[in-house]
Every structure is written in C-alpha cells, then in structure tokens.
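Work through the two exercises below. Each solution goes step by step.

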Amino acid sequence: MADIRSNFVGIKSPNPFWLASAPPTDKAYNVERAFRAGWGGVVWKTLGEEGPPVVNVNGPRYGAIWGADRRLLGLNNIELITDRDLYLNLREIKQVKKNWPDRALVVSLMVPCEEQAWKAILPLVEETEADGIELNFGCPHGMSERGMGSAVGQVPEYVEMVVRWCKQTTRMPVITKLTPNITDVRKPARAAHAGGTDAVSLINTINSITGVDLDSFAPEPTIDGKGSHGGYCGPAVKPIALNMVAEIARDPETAGLPISGIGGVTTWRDAAEFLALGAGTVQVCTAAMTYGFKIVEEMIEGLENWMDAKGHATLDDVIARATPNVTDWQYLNLNYVTKARIDQDQCIKCGRCHIACEDTSHQAITAMVDGKRHFEVIEEECVGCNLCVNVCPVEGCIDMVPLAAGALDRRTDEEVQPSYANWTTHPNNPSRVAAE
Amino acid sequence: MADGLYADGIAAGRLSGEEYDRNFSDLHPPLDRHEAAVEADRCYFCFDAPCMTACPTSIDIPMFIRQIATDNPLGSARTIFDQNILGGMCARVCPTETLCEEACVREEAEGKPVQIGRLQRYATDAAMAAGAQFYERAAPTGRRVAIVGAGPAGLACAHRLAVHGHDVTIFEARPKPGGLNEFGIAAYKTPDGFAQAEVDYVMAIGGITLEEGKALGRDFSLGDLSRDFDAVFLGMGLAGVNALGAEGEDVEGVERAVDYIAHLRQAQDLASMPVGRRVVVIGGGMTAIDAAVQARLLGAEEVTICYRRGQEHMNASEFEQDLAASKGVVIRHWLQPRRILADKGRVTGIELEYTVLKDGKLSGTGEALTLRADQVFKAIGQSFEVGVLNGSSASIALEGRRIKVDEEGRTSMPKVWAGGDCIAGGDDLTVSAVAQGRDAAESIHRALAG
C-alpha cells in the first residue's frame with residue numbers, strides 16, 4: 001500500500017488532504033467533524049486582529065454556476081474572515097490541536113499591514129501550539145478594500161515585507177497564500193520567497209460575479225438589490241490554479257519552494273494532478289461544502305489505489321513529476337505531427353466533430369460519404385488541433401495519432417522529420433537563433 | 001374493489017372510482033422543469049440530426065431541446081409548432097420509439113435515447129398553458145378553402161391555410177372535432193380533455209369555421225365543395241371496419257374496437273363503461289392494443305389479443321406490446337378466428353384456428369382452439385369508405401382503395417387535395433397526417449397565389 005503521509009515544511013499529516021481556510025474551518029465543531037472524517041489537516045479560518053470582529057452580510061453569501069443536473073461547477077462567496085471573537089477561536093484551536101495531535105492544524109491570519117499588528121497576533125497563535133500559520137494575502141472582497149487580503153497580495157513589496165516580519169517574529173512555519181487576481185503570479189511568489197516564507201499556497205479565490213438576475217437586473221449573489229464581486233472557486237477554477245502552481249514550480253527563482261495547491265480539488269485525481277505539478281499538499285473547500293466531509297475517504301483511497309497501480313510508493317514519487325514537462329510554447333516540438341482518427345465502431349454519428357471542424361476550423365471531417373452519413377478525417381486538411389476529440393461525446397472514439405518519422409504528412413506533402421525543432425529556430429521566426 | 005369485479009357477462013362498474021382514476025391517469029406524467037433540463041442536457045445537438053430526419057414533420061428537434069435546456073420553453077414550442085401545429089398531441093401519441101427516438105444517437109450509444117416525446121410535451125404544454133399564440137393571419141386573401149374532416153390532417157391544413165390568410169371551412173361528420181385524437185386514442189394517452197384543448201388552440205388563429213355533424217356523401221357532395229370553394233382538402237379517416245369473416249359474428253357482444261374506444265373517450269363516467277369479464281381482441285395493431293389495454297383497465301379479468309401472424313408482423317409497436325403485457329393482456333399469435341360461439345344471441349366464446357406461414361402464404365392448420373369470451377373486439381383493420389366520394393362531378397382516382405395523391409397532396413381532381421389516413425401509401429400515423437395536411441396547405445396556397 002502506498003504511503004501517503006505528508007511532511008510539508010515540517011508539518012506532518014497522515015495524508016495530503018487539508019481543508020482550506022474557509023467557512024468549513026471556522027470553529028471547533030466543524031474541524032472536529034473533519035478530522036473524524038479523515039482529513040489530514042485543516043487551515044483554520046482566517047483570524048483578524050484583536051477587537052470587535054468583522055461582520056458579515058445577513059443575506060446570501062454564496063452564488064453558483066451549475067452544469068447538467070445542477071451539478072455545482074463554480075461557487076462564489078462574499079463571506080469575510082472569521083466573525084467570531086479572536087480568543088474564542090484561539091481557545092478552540094488549542095483544544096482541537098490537543099485532541100488531534102497527528103493532524104496538521106495551520107492558522108490563517110489577516111491583520112492590517114503594520115508590523116505591530118502582526119507582532120501582536122503571532123505569539124497568541126504560537127501559544128495554541130498550532131503547526132503553522134498561513135498569511136491570507138488572497139481574499140478579494142471586503143477585506144481588500146480595508147487594505148488587507150488581496151490588496152497586500154497584489155503588491156509584491158508588501159508581501160515580502162509582511163512575510164519578513166512574521167519570519168522574524170515566530171518559530172512557526174509560514175505559508176503565504178497568494179491571490180490569483182494578478183497578472184503574473186510569479187512576482188508575489190518570488191517576493192514571499194525573498195521574505196523567507198517556508199511555502200506558498202494558491203490559489204485563493206478569483207474576483208467574480210456569478211450571474212445577473214434578469215428580472216431585478218442585479219448581480220448575483222444579490223443583497224437587497226445590489227451585489228458585489230466575490231471570490232470564485234470550485235471545479236471551474238482548477239485549470240487556472242494548476243497553471244499558477246506550475247508557473248511557480250518551474251520558475252528558477254522559486255524552484256523547490258514548497259507549494260500547497262488549492263483550487264477546485266474535488267477528487268483524488270485532481271489532487272494527484274496538483275501534486276504532479278509541484279504541490280506538496282492540497283487544500284479543499286468547495287467540494288467539501290458541496291458534498292460534506294465524507295469525500296475525503298474517496299480521495300485517500302483513490303490516491304492510494306492509483307499510486308499502488310502505478311508503483312509510486314510515497315508522495316515524493318509523485319510530487320513535481322510533471323513540472324519538467326511544463327514548458328513555454330516556443331519550445332514545443334514543431335516536427336511533432338498528429339492526425340485525428342475516428343474509430344468507426346465507436347462512432348455514434350452525432351456529427352459534432354464534423355460541424356465543429358466545418359464551421360469553426362479546418363474542414364477536415366466528412367459528413368457524407370457515398371451518400372451515407374459518415375464521419376471521417378480528411379488527412380489532407382487535418383492540422384491535428386484536437387477540437388474533434390474535445391467535442392466528441394464518446395470518450396476514446398477519436399484519437400490523435402502521431403505520425404511516425406518518415407511518414408508523409410498529406411496536408412503539407414512533406415515527410416515527418418525525426419528531429420526536434422521549435423519556433424526559436426524556425427525560418428519564419430524573425431528573431432530565430434541558429435539551430436544547434 | 002367494487003363488487004362487480006368477477007361478474008360474468010358485460011358489466012359496468014367493475015372497479016372503484018379510485019381504481020378508474022388511477023388506471024386512466026396520464027401514461028407518461030409530464031416532466032417538471034428540472035427533469036426537463038436534465039433530459040434536455042442529454043441531447044448532443046447533432047449535426048444534420050438523425051431524429052429530425054426520422055420525424056415525418058421534420059421538427060428541428062435539437063433546436064427545440066436546446067431551447068428547453070436554456071430555459072426558453074416558449075421558444076421551444078414555437079420551433080415545434082412551426083413544423084407541427086399538433087405537436088402537443090404528437091408528443092403524447094407518436095410511436096417515438098420507431099421514429100425520432102429510434103434514430104437518436106444515444107440509442108446507438110447506450111440504448112437509451114433522449115426522451116424527445118416527453119420533452120416535446122414539456123414545451124408544448126408550457127405554450128398552451130401560457131396561451132401563447134405564435135402565428136398571426138396574413139391579410140385576408142378572400143380565398144375560401146373547404147376541408148373535410150377535423151382530424152389531424154384537416155386541422156393542420158386549416159391552420160396553415162389560415163396563417164396564409166385564406167378562409168377555411170371544416171366539415172366534420174362527428175359532433176365534435178379532433179378526429180382520431182378525440183375518438184380513436186386510448187384515454188390514458190391524452191387525459192384531461194387535451195384533444196379539445198388542442199383543437200381550441202389551433203383554431204384560435206381565426207379564419208377557421210367549423211361545421212360539425214356535416215358528412216361528405218350525406219350532407220353535401222364533393223361536387224358541391226369544388227363548386228363553392230376555391231380549393232378542397234379531403235382529410236377523412238377510415239370509417240369502415242374490416243369484418244372478421246368468422247361464422248356468427250353478428251351476435252351481441254361482438255363489437256368494433258374503434259367504436260368501443262370512441263365510446264370510452266366520450267364517457268363522462270368510466271364506471272358507466274361496460275366491459276366483459278373475459279375479453280378477446282382480434283387484431284395486431286395499435287387499435288387492438290388500445291382496446292385490450294383499456295378493457296383490462298376497466299376491470300376485465302382476462303384479456304387476450306389473438307393475432308393471426310407472428311409477433312414480428314404486428315403493426316403495434318414493441319412499446320405498445322410491452323405496455324399491454326405490463327397491464328396483464330395476453331398476446332397470442334398464429335391464431336385466426338373461425339367461429340363465434342353464442343348462447344341466446346350473446347357471445348360466449350370464440351373458436352380460433354392455428355395458422356402457419358408457408359411460402360409467404362398464411363393458412364389454417366385445421367387445429368382449433370376455443371377461448372371463453374363474453375366480449376369480442378374486432379380490430380383487424382379499418383378501411384376507407386369510398387362511397388362518400390360518390391356524387392362528385394368527376395371521379396377521383398384511387399390506389400389500393402384509398403385516394404391517390406402526388407407528392408404535394410394533389411388528387412386527380414382539379415382543386416382537390418387530400419391527406420391523412422384516406423390517402424394511399426400512408427402509415428396511418430397522426431404525425432404523418434399532420435405533415436400531409438400542412439404540406440397540402442402550402443400546395444393549395446401556391447396554387448391560389450399563382
């Protein structure tokens with residue numbers, strides 16, 4: 001059986017599945033339930049500075065988009081950091097950690113961008129014996145207008161400064177949570193790294209409006225006729241998160257910096273993909289908020305089964321294995337040629353491949369052959385774009401088949417070259433360099 | 001359970017009121033909004049969709065389903081009505097399993113087609129519930145068209161002609177419009193007065209006058225019509241019922257299945273509908289099934305369909321056969337009626353002979369089987385009563401005892417079109433009758449404009 005125990009910047013957990021700092025981790029009651037269900041760790045919902053807590057709206061806090069059968073694909077929330085008293089949270093954190101010594105318990109923090117504010121809260125957290133802290137530089141709503149959350153995360157200098165204050169003040173490992181609401185996520189990651197962070201976690205939620213009520217003409221979620229942008233999360237954001245994780249994992253300046261991957265993790269497979277791109281743990285929120293804590297059973301068991309089947313003994317055999325295969329477009333092999341091939345035995349003749357190709361692409365799939373409804377690739381026109389594969393409702397019916405070196409590409413009438421060649425050396429590239 | 005459940009003979013009130021209600025409620029209850037959205041999402045929006053090709057009225061099925069998926073049921077209904085103004089009834093009675101749903105690519109993929117019929121009902125019900133009318137009459141042309149028969153063909157023809165601004169008069173022999181929709185379809189397929197509601201919906205466009213109780217060949221002749229109107233559309237049904245050819249069939253208790261079905265549809269109280277304890281239905285088509293199933297649902301203890309050929313030869317669809325079996329009807333094959341057994345002028349049983357198909361010819365084996373019966377329904381096919389055409393100034397060409405038409409629905413007589421069950425080469429489906437009525441209307445419109 002694969003060993004999925006995790007050691008992330010010294011924080012140990014029986015599995016890499018943590019609950020993200022969010023509504024499910026706001027109090028002991030929920031966190032105890034999560035640990036009983038099997039979650040490896042929890043990032044406690046963000047604590048603010050001492051004093052009267054923040055208040056939340058009393059109307060809808062969430063909006064959503066759905067797929068077939070109302071399957072929740074994306075969730076948006078405008079809830080703020082914890083609205084419970086700081087000391088109540090601290091007492092509960094201490095008790096929960098005492099009850100569950102083998103689980104990871106990290107405390108998310110967000111206080112004003114002043115050194116004194118951070119220096120004041122850190123000892124209070126240390127006293128709980130929590131395993132670490134996560135700096136919330138991500139929340140895109142409510143707190144950002146007060147100069148916190150993503151307002152900090154969007155300014156690399158602030159990120160570096162706050163991380164440094166924290167590292168100077170506490171013995172606890174520091175995880176810096178990044179916002180995706182930024183042009184180049186490598187900049188705040190580099191800044192956190194420069195400030196001495198032990199790890200980064202990403203992504204926090206994405207600014208969003210989930211919809212517009214077409215009767216009241218108000219954005220959703222709607223509070224008394226008005227709406228505000230909220231943080232988008234759930235399965236819909238996973239591709240964005242995967243890319244941002246990969247960007248940091250393969251950036252020479254931050255290479256090797258531990259990453260806790262967040263964003264739409266719903267199944268063991270999602271988690272495995274984050275790990276493969278460089279994450280050491282994953283954090284989950286929307287999936288738990290949709291289905292409850294029990295899903296962690298499927299995640300643990302699914303990850304173990306997959307690792308067993310593939311012969312991966314520990315998480316280290318998986319983590320960052322895909323990172324070297326992420327590259328820039330200019331280094332992709334232009335001598336690699338594929339053609340779509342439709343398995344006629346599997347084809348159900350819906351014609352979607354044809355109309356997608358005919359209307360929007362390269363006119364490379366027939367609709368009628370010898371007077372019969374028949375869908376077949378016209379190799380002379382096929383550029384290997386993969387659109388037909390993506391729109392085909394039958395998995396495995398259309399394959400992209402690479403042409404072997406020496407084979408004739410009937411579109412270009414040229415032989416497929418055995419060598420690797422990319423844009424940097426291509427004759428059409430005005431800034432080309434000589435091929436090696 | 002009412003007391004009369006096991007009463008011999010033909011008796012009414014075999015069941016309790018609750019049982020009647022349950023037995024004759026909607027066969028396929030309507031989809032609610034979420035169910036419709038989930039089902040609509042299964043549609044692949046195929047290119048050149050096979051379902052659309054399989055539909056006799058060529059409804060743009062992928063489009064109407066997409067409109068349901070996008071929560072636009074009225075737009076969906078319009079897509080349906082554009083091709084088939086009786087889309088509501090067709091959604092209920094079409095043998096979709098041999099038409100659109102058989103062609104659905106999901107049938108090939110997983111043996112579970114998109115439920116096109118039920119989605120069509122969802123959209124058309126929404127439009128009718130909202131009283132949404134999608135068509136306006138063009139400016140009146142002053143042209144007058146006579147239609148004979150207010151069934152699916154006649155109604156579809158009338159509506160399309162009205163859209164084009166022509167004035168239409170429909171002559172209907174029965175006291176009510178609707179044709180087979182009103183008189184010929186099992187009650188559980190179209191409960192709650194849907195057939196009349198649909199007629200009202202179709203007629204609401206205006207410009208259509210209905211003359212009930214007026215029969216061709218009795219109250220007027222084809223010659224009268226072609227003289228008094230600019231064009232004539234013949235949309236009659238099949239009024240004749242084929243005889244069994246069995247000895248002694250003229251006794252009490254041997255009935256025409258179509259008449260029984262019509263009585264049942266018009267019955268105000270199902271408890272007043274008499275039915276035998278042991279019922280035998282002779283035939284292998286939809287009418288046989290409708291009569292047999294309804295006899296069971298009215299409380300008959302034993303209902304047996306006897307068909308002279310094999311299961312594979314039955315005109316009733318597989319779905320209908322399964323439905324009958326699920327309601328407790330026994331279907332027996334390779335049996336032809338030979339003699340009706342009677343006592344004091346009332347049927348007591350039927351003697352049948354086993355049959356065999358040899359070199360493509362059906363013949364009796366000589367072996368006989370006797371079934372007890374206190375009610376026997378004849379459902380071995382209906383025929384067009386050619387006699388009604390008599391009296392026309394010129395004779396109308398027939399083909400196989402039905403009216404011969406060209407691809408536009410034109411008969412051999414000038415100014416006279418025909419469609420529906422009365423024409424040759426049809427498949428006796430409501431949806432085909434609608435297509436023929438609609439297309440004849442377009443042909444008439446072109447002729448009148450030209």
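Two residues count as in contact if their C-beta atoms, placed from the backbone, lie within 7 Å. The model is predicted: local features need pLDDT of at least 70, side-chain atom pairs count only at pLDDT 80 or more, and totals for chains, interfaces and linings use all residues. Residues are numbered from 1 along each chain as its sequence is written, and chains are lettered from A and ligands numbered from 1 in the order in which they are written.

**Exercise 1.** Describe how α14(B) and α15(B) meet.

Step 1: contacts. A257(B), V258(B), Y260(B), I261(B) and L264(B) of α14(B) meet T287(B), A288(B), D290(B), A291(B) and Q294(B) of α15(B). Helices are DSSP runs of H or I, at least four residues, numbered from the N terminus.

Step 2: classes. This contact has seven nonpolar, two polar and one charged residues. Ala, Val, Leu, Ile, Met, Phe, Trp, Tyr, Cys and Pro are nonpolar; Asp, Glu, Lys and Arg are charged; the others, Gly among them, are polar.

Step 3: geometry. The axes of α14(B) (residues 257-266) and α15(B) (residues 286-297) come within 9 Å and cross at roughly 50°. Axes are lines fitted to C-alpha atoms over the stretch in contact, with angles from 0 to 180 degrees between N-to-C directions.

**Exercise 2.** Characterise the side of domain 1 of chain B that touches domain 2 of chain B.

Step 1: bounds. An automatic or database assignment gives domain 1 (33-130) and domain 2 (144-238 + 384-449) of chain B.

Step 2: contacts. Twelve residues of domain 1 of chain B contact 19 of domain 2 of chain B. Helix α6 (residues 87-93) of chain B gives the largest share of the domain 1 side, five residues.

Step 3: classes. That domain 1 side has eight nonpolar, three polar and one charged residues.

Note on methods:
Helix = DSSP H or I, 4+ residues; strand = E, 2+ residues; numbered from the N terminus.
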